[in-house]
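Subject: A structure for you to look at

Hi there,

I am passing a structure on to you, together with some notes to read beside it. Could you open it first and then come back to the text?

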Amino acid sequence: MIQLTAKRDNKKYTIYNGDAIYGQILFDAKGFGATLTVDGTEYRVEQENPKSANKVLKQNGVTLFRFKYDKIWGSATLQSGNDDMGYRITGKWFKPGTRLVDKDKTDLVVVVSSQGFTPKVTVTILDETVAPVMVMATIYYHLYASASKTMGIAMVSGM
C-alpha cells in the first residue's frame, strides 16, 4: 500500500509520495480541462465534445481512454474506443472518497478530501500494479467531481 498526499496552489495540485513529487495536475483557467504530469510524461484531460459530459485522457493528441460519465450516479466507466477497460471511478455507499475499482468492484485506489482548517487530499494506492497515469486520472476525477458538486451546491443555494 502506498500513501500519497496532494497540496493545492491555486489551480495546481502537486501529489507527493513522502517528500518526492509523484505527479501534478494543473487545471485550466476556465473549465475542467487539465494537464496531468507523472513520470515525466504529460497527459491532457479534455471534454470529449461540446455536447458531452464525457472526458478524454490524451497523450500527444492521441486519446488513451474516455471517462464515460454516468449522469445518474456521477461515476465514470473507463473506455478505450467503445470497449470498457474493466475500471470504474466511483464512490461507495457510506465510505468517503472516490475510488478506482476493477470489474469485481475491488478498490484499487482511494482518494479522500478532508475539510477543515487546512483541507487536504490523501490518496491510498491499494494495488501497487496500477499504472501511475491511472492513479493520476483517479485523483483528477475526484477533484473534478468535488469541484462540480461544490459549484452545483453553490448555484442551487444562490451563491
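Below is what was found in it, starting with the overall fold.

Before that, some ground rules: this is a predicted model, in which local features need pLDDT of at least 70 and side-chain atom pairs count only at pLDDT 80 or more, while totals for chains, interfaces and linings use all residues. Residues are numbered from 1 along each chain as its sequence is written, and side-chain values use heavy atoms, with hydrogens and water left out.

The overall fold

The protein has 1 helix and 12 strands; helices (H or I, at least four residues) and strands (E, at least two) are DSSP runs, numbered from the N terminus. Reading from the N terminus, the order is β-β-β-β-β-β-β-β-β-β-β-β-α. The 12 strands close into a barrel in the order S1-S2-S3-S4-S5-S6-S7-S8-S9-S10-S11-S12, with antiparallel pairing. Two strands count as paired if DSSP finds at least two bridges between them. From one strand to the next, the twist averages 20°, with axes taken as lines fitted to C-alpha atoms (for helices over the stretch in contact) and angles running from 0 to 180 degrees between N-to-C directions.

Of the 159 residues in the protein, 36% are buried. Here buried means under 20% relative accessible area, exposed means over 50%, and partly exposed is in between (1.4 Å probe, protein chains only). Among contacts (heavy atoms within 4.5 Å) between residues at least 6 apart in sequence, 28% join residues at least 24 apart.

Walking along the strands

S1 and S2 are antiparallel and share 5 bridges, with Asp9 paired to Lys12 in S2. They form a hairpin with 2 residues between them. Asn10 lies in the loop between strand S1 (2-9) and strand S2 (12-17), and its phi is positive, near 65°, although Asn10 is not a glycine. Most residues other than glycine have a negative phi. Asn10 counts as exposed because its relative accessible area is 61%.

S2 and strand S3 (residues 20-27) pair in the antiparallel sense over 6 bridges. Their hairpin also has a turn to look at: 2 residues separate the strands, and Gly18 takes a positive phi near 70°.

Further along, strand S5 (residues 41-47) is joined to strand S6 (residues 55-59) by 4 bridges, antiparallel, and Glu46 stands opposite Val56 in S6. S6 then pairs with strand S7 (residues 62-69) over 5 antiparallel bridges, where Leu57 meets Phe65 in S7. The S6-S7 hairpin has 2 residues between the strands, and Asn60 in the turn has a positive phi of about 50°.

S7 in turn is joined to strand S8 (residues 76-80) by 4 bridges, again antiparallel, and Phe67 has Leu78 in S8 as its bridge partner. In this hairpin 6 residues lie between the strands, and Gly74 in the turn has a positive phi of about 80°.

The largest pocket

How much space lies in the largest pocket? It holds about 840 Å³. On a 1 Å grid over the protein atoms alone, a pocket is an open set of points where a 1.4 Å probe fits, with protein on both sides within 12 Å along at least five of seven lines; lining residues have an atom within 4 Å of a point. Grid points are joined across faces, edges and corners, and the volume is the space filled by probe spheres set on the points.

Of the 29 lining residues, the closest to the centre are Trp73, Gly74, Ser75, Thr90 and Gly91. Strand S9 (83-92), strand S10 (95-102) and helix H1 (132-156) each supply at least two residues of the lining, and S9 gives the most, with 8 residues.

- His142 lies in helix H1 and counts as buried because its relative accessible area is 5%. Not counting residues up to four places away in sequence, His142 touches Gly97, Thr98, Val111, Val112 and Ser113.
- Phe94 is in the loop between S9 and S10; it has a positive phi of about 60° although it is not a glycine, and is exposed at 82% relative accessible area.
- Asp83 is in strand S9 and is exposed, at 54%. Asp83 and Phe65 are 18 residues apart in sequence and 9.6 Å apart in space, C-alpha to C-alpha.

Enjoy exploring it!

Best wishes
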